[in-house]
Amino acid sequence: MGRILLKNAHIINEGRSFKGAVLINQPFIEAVFEGDLPENIVADQVIDAAGKLLMPGVIDDQVHFREPGLTHKGDITSESRAAVAGGVTTFMDMPNTKPQTTTLKELEWKLERGKEVSAANYSFFFGGTNDNLKEIQQLDPSRIPGLKLFLGSSTGNMLVDKKETLERIFGETDLLIAVHAEKEEIIQKNIAYYTNLYGEDPDISFHSKIRSDESCYVASAEAVELATRLNTRLHILHMSTEKELSLLDNSKPLGEKKITSEVCVHHLWFTDQDYATYGNRIKWNPAIKTVDDRNALREGVNNGKVDIIATDHAPHLLSEKEGSCLKAASGGPLIQHSLVAMLEMVSQGLFTYEKVVEKMSHLPAELFHIDRRGYIRPGYYADLVLVDPDTAWTVSKENILYKCGWSPFEGTTFGHTVRNTFVNGEIAYADGQVNETIRGMEVKYLPVN
């Protein structure tokens with residue numbers, strides 16, 4: 001344990017930007033100073049952050065770290081290292097692993113594994129199925145961010161498609177329900193239509209036509225109807241269409257919302273015109289949509305219809321990304337580059353630094369009722385990221401930390417560089433090196449009033 005002083009920083013926090021300093025007394029923030037620093041501050045280590053941006057660490061509510069069972073392409077060790085290298089200090093992992101996180105036993109295994117190996121703070125969604133309601137009823141809400149439901153095609157038993165099951169899950173739990181919303185019947189109809197016209201192996205350009213805006217809107221609308229009728233806390237993951245934004249309300253603050261939403265970095269960066277350049281490397285579910293959809297999502301971030309920004313980090317080997325749009329794996333690695341990509345969009349005039357911090361740190365903490373994270377405040381855990389806004393770098397295979405070894409951003413030059421990442425007051429990443437000795441903490445969730 002020790003005290004670290006970050007001085008002369010340009011602090012971005014709670015809608016403000018100001019010159020100041022932060023005193024860390026591990027694992028917490030002891031004090032935040034604005035303007036000149038008092039002379040009597042005592043610290044074991046002093047870091048001069050002149051010219052650097054100091055922000056709360058990013059909280060990513062949707063990652064797939066692939067452990068257990070899919071560790072040939074990612075695991076909690078490798079992907080949490082990539083996370084802290086990108087300024088992400090807290091993650092929420094999804095349940096579609098092998099075995100799936102749909103029993104209390106599997107949830108406990110993941111929590112223990114996170115404690116052993118994770119460089120970042122960790123937590124894990126519990127998966128809902130057509131037949132595990134009894135397990136859901138036994139969950140400790142202080143140890144999970146919520147319940148994940150797939151309302152579209154998914155692997156194994158993770159597709160919840162029985163109406164009576166959905167009614168019971170939505171009606172009988174106080175947990176936040178996070179949904180992957182794509183309408184399976186519409187997707188299957190589109191597959192039949194396009195394969196009849198163009199053959200059994202349509203290329204990537206058909207992906208957004210098959211997993212269409214209508215499939216997203218209908219599934220999201222059905223989830224909103226169910227949640228509204230049964231007074232459920234609903235969180236719509238990876239919004240990808242302009243049409244879905246019509247389902248959301250920006251007339252009240254996040255704390256008063258029962259229905260919230262997330263957009264992912266790739267839906268804010270790419271469009272369907274980029275399939276010609278990147279091919280299957282930008283194949284995600286939901287699909288990358290049109291320029292109009294991307295622009296509407298960007299506006300949704302700025303006007304409050306979209307509540308938070310995440311990654312849906314989902315590594316695959318490049319060999320698994322080969323083939324037609326019906327055969328290539330969906331998903332890609334993003335967590336090491338999510339913050340710098342958003343800061344690049346700040347440089348392009350699309351967002352402000354304050355908005356990025358709000359959507360990637362503050363509001364994820366508020367939405368999930370996380371205990372003392374997401375802000376630069378005395379008494380909060382010292383999860384911080386120090387960014388150099390004046391040093392450009394280019395993504396290459398040599399500096400990628402994902403176990404899968406590639407990134408859709410390869411060859412992209414970013415104008416911001418993550419210099420230091422602090423996890424619970426300890427330096428987890430500094431100037432290109434992950435501190436292999438640092439371990440994150442299990443995230444705790446507070447009761448909802």
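Which residue stands opposite Ser261 in S13? The legends below begin with the answer: Ile236. This is a predicted model, in which local features need pLDDT of at least 70, side-chain atom pairs count only at pLDDT 80 or more, and totals for chains, interfaces and linings use all residues. Residues are numbered from 1 along each chain as its sequence is written, and side-chain values use heavy atoms, with hydrogens and water left out.

**View 1. Strand S13 and its partners.** Strands (E, at least two residues) and helices (H or I, at least four) are DSSP runs numbered from the N terminus. S13 (residues 259–264) pairs in the parallel sense with S12 (residues 234–236) over three bridges; pairing takes at least two DSSP bridges. S14 (residues 308–310) also runs parallel to S13, joined by three bridges, and here Ile309 is the bridge partner of Val263.

**View 2. The two faces of S13.** Ile259, Ser261 and Val263 are buried on one side, and Thr260, Glu262 and Cys264 on the other. Buried means under 20% relative accessible area with a 1.4 Å probe, protein chains only.

**View 3. Trp269 meets Phe409.** The ring centres lie 5.2 Å apart with planes at 85°, so this pair is edge-to-face (centres of Phe, Tyr or six-membered Trp rings within 6.5 Å; planes over 60 degrees apart). Trp269 belongs to helix H8 (residues 265–269), while Phe409 sits in the loop between S16 (393–394) and S17 (413–414), 140 residues apart. Trp269 is buried at 17% relative accessibility, as is Phe409 at 0%.

Note on methods. Buried < 20%, exposed > 50% of the residue type's maximum accessible area, 1.4 Å probe, protein only. Phe/Tyr/Trp six-rings, centres within 6.5 Å; stacked < 30°, edge-to-face > 60°.
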